[in-house]
Amino acid sequence: MPRVVGQFGCEEEGTWPVTFGQNEKGRMNEVEFEKYLLNSIVPLYPDAKNMPGHRVLLKVDSGPGRMNIRLLTKL
C-alpha cells in the first residue's frame, strides 16, 4: 500500500503507513476503535493539548466505543 503524505498536526510534512483494523466480524468494535485512535490518529498530532491552537476535534459516528469514558480520558 502507498504511504499517506501530509503535515496534519506536525511541524513538517511526513509519511505514514496505511492502517487496517477489524474485529472477528469484519467491523470496528470498542477495542478496534481505541487502537485506531491511539495508534493511527493520535501520532498525527504530537503537539495536541488543551490549549487554544493545539486542540484536535474528531467527528465520529455513534458506533461502539465512542462513549468509552476510559478512552475519552486518555484523549
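What share of the contacts in the protein chain with a separation of 6 or more comes from residues 24 or more positions apart? Such residues account for 46% of these contacts, a contact being defined by heavy atoms within 4.5 Å. The model is a predicted one, in which local features need pLDDT of at least 70 and side-chain atom pairs count only at pLDDT 80 or more, while totals for chains, interfaces and linings use all residues. Residues are numbered from 1 along each chain as its sequence is written, and side-chain values use heavy atoms, with hydrogens and water left out.

The secondary structure of the protein chain consists of 2 helices and 2 strands, taken as DSSP runs numbered from the N terminus (helices: H or I, at least four residues; strands: E, at least two). Along the sequence, these elements follow the pattern β-β-α-α. The C-alpha atoms fill a box of roughly 40 × 35 × 15 Å along the principal axes. Of the 75 residues, 21% count as buried; the term buried refers to a relative accessible area under 20%, exposed to one over 50%, and partly exposed to values in between (1.4 Å probe, protein chains only). The chain exposes about 6100 Å², of which carbon and sulfur atoms supply 55%; accessible areas come from the Shrake-Rupley method with a 1.4 Å probe, and for residues only the protein chains shown count as cover. There are 10 positive and 9 negative side chains, and the centres of the two sets lie 7 Å apart. In this count Lys and Arg are positive and Asp and Glu negative, whereas His and the chain ends are not counted; each charge is placed at NZ of Lys, CZ of Arg, CG of Asp or CD of Glu.

The structure holds 2 aromatic pairs. Rings of Phe, Tyr and Trp (its six-membered ring) are paired if their centres lie within 6.5 Å, and planes under 30 degrees apart count as stacked, over 60 as edge-to-face and the rest as tilted. Phe 8 and Trp 16 form an edge-to-face pair, at 5.2 Å centre to centre and with 80° between the planes. Phe 8 is partly exposed, with a relative accessible area of 39%, whereas Trp 16 is buried at 19% relative accessibility. Phe 8 also forms an edge-to-face pair with Tyr 45, at 6.5 Å centre to centre and with 75° between the planes. Because Phe 8 lies in the loop between β1 (4-6) and β2 (14-16) and Tyr 45 in the loop between α1 and α2, this pair ties together parts that are 37 residues apart in sequence. Tyr 45 is partly exposed, at 28% relative accessibility. Phe 8, Trp 16 and Tyr 45 form one aromatic cluster. The backbone of Phe 8 has a positive phi of about 50° although the residue is not a glycine. Most residues other than glycine have a negative phi.

A further ring is involved in a contact of another kind. The charged end of Arg 66 sits over the ring of Phe 33, 4.1 Å from its centre; the criterion is that NZ of Lys or CZ of Arg is within 6 Å of the ring centre and within 35 degrees of the ring normal.

Glu 11 is placed in the loop between β1 and β2 and is exposed, at 71% relative accessibility. Glu 11 and Asp 47 are 36 residues apart in sequence, with a C-alpha to C-alpha distance of 9.2 Å. Glu 32, by contrast, is found in helix α1 and counts as buried at 12% relative accessibility. Residues up to four places away in sequence not being counted, Glu 32 touches Gly 21, Gln 22 and Asn 23.

The loop between α1 (30-41) and α2 (69-74) contains Ala 48. Ala 48 is partly exposed, with a relative accessible area of 43%. Apart from its neighbours within four places in sequence, Ala 48 is in contact with His 54 and Val 56. Ala 48 and Arg 70, 22 residues apart in sequence, are separated by 18 Å in space, C-alpha to C-alpha. Gly 53 is also located in the loop between α1 and α2 and is exposed, with a relative accessible area of 79%. The C-alpha atoms of Gly 53 and Asn 29 are 31 Å apart, and the two residues are 24 residues apart in sequence.
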